[in-house]
Amino acid sequence: FLCLDFNDFGLVGIECIADMLRRNASLRELHLFGNRIDSEGCKVLAGALAYNQSLVTLVLSFNRIGDDGAIALA
């Protein structure tokens, strides 16, 4: 479990988290509540999640993912 709520990550920060997700094989739950993640950030996360097989829960409440971000994650 990793809680990174309210850190206001920019795109570079999300890219670092995405890099961690690509490599991590044990994290099961990640909270990114209230970080102003937009659709571009969601696209980066979605690309990383394609490689991650351990994450079960991703909390993205109170972000700015928009339709394009939601589509990328779906």
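# Loops, rings and helix contacts

User: Which is Arg36, buried or exposed?
Analyst: Relative accessible area sets the class: buried is under 20%, exposed is over 50%, and partly exposed lies in between (1.4 Å probe, protein chains only). Arg36 has 51%, so this residue is exposed.

User: What kind of model is this, and which cut-offs does it use?
Analyst: Residues are numbered from 1 along each chain as its sequence is written, and side-chain values use heavy atoms, leaving out hydrogens and water. Local features need pLDDT of at least 70, side-chain atom pairs count only at pLDDT 80 or more, and totals for chains, interfaces and linings use all residues, since the model is predicted.

User: What value is the phi of Arg36 near?
Analyst: Arg36 lies in the loop between strand 2 and helix 2. Helices (H or I, at least four residues) and strands (E, at least two) are DSSP runs, numbered from the N terminus. Most residues other than glycine have a negative phi. Arg36 is not glycine, yet its phi is positive, near 60°.

User: What value is the phi of Asp8 near?
Analyst: Asp8 sits in the loop between strand 1 and helix 1. With a relative accessible area of 44%, Asp8 is partly exposed. This is another residue other than glycine with a positive phi, near 50°.

User: How many aromatic pairs are there?
Analyst: Rings of Phe, Tyr and Trp (its six-membered ring) pair if their centres lie within 6.5 Å; planes under 30 degrees apart are stacked, over 60 edge-to-face, the rest tilted. Under that rule, the number of aromatic pairs is two.

User: What type of aromatic pair do Phe6 and Phe33 form, and how far apart are they in sequence?
Analyst: The centres are 5.1 Å apart, with 70° between the planes, which is edge-to-face. Phe6 is in the loop between strand 1 (2-3) and helix 1 (11-23), and Phe33 is in the loop between strand 2 (29-31) and helix 2 (39-49). The pair therefore ties together parts separated in sequence by 27 residues.

User: Which is Phe6, buried or exposed?
Analyst: The class follows from relative accessible area. Phe6 has 60%, so Phe6 is exposed.

User: What type of pair do Phe33 and Phe62 form?
Analyst: Phe33 is partly exposed at 21% relative accessible area. The ring centres of Phe33 and Phe62 are 5.0 Å apart, with the planes at 55°, so the pair is tilted.

User: How is helix 1 oriented to helix 2?
Analyst: Axes are lines fitted to C-alpha atoms, for helices over the stretch in contact, and angles run from 0 to 180 degrees between N-to-C directions. Helix 1 and helix 2 pack at about 10°, with axes 8 Å apart. Under 35 degrees is roughly parallel, over 145 roughly antiparallel, 65 to 115 roughly perpendicular, and the rest oblique. Helix 1 and helix 2 are therefore roughly parallel.

User: How many nonpolar residues are in the contact of helix 1 with helix 2?
Analyst: Contact means heavy atoms within 4.5 Å. Residues that meet include Ile17 and Leu21 in helix 1 and Val44 and Leu45 in helix 2. Nonpolar covers Ala, Val, Leu, Ile, Met, Phe, Trp, Tyr, Cys and Pro; Asp, Glu, Lys and Arg are charged, and the others, Gly among them, polar. Beside one polar and three charged residues, the nonpolar count is nine.

User: How many nonpolar residues are in the contact of helix 2 with helix 3?
Analyst: These helices pack at about 0°, with axes 8 Å apart. Helix 2 is thus roughly parallel to helix 3. Contact residues include Cys42 and Ala46 of helix 2 and Ala72 and Leu73 of helix 3. Beside two polar and two charged residues, the nonpolar count is five.

User: What distance separates the C-alpha atoms of Gly47 and Arg22?
Analyst: Gly47 is in helix 2 and is partly exposed at 32% relative accessibility. Gly47 and Arg22 are 25 residues apart along the chain, and their C-alpha atoms are separated by 8.6 Å.
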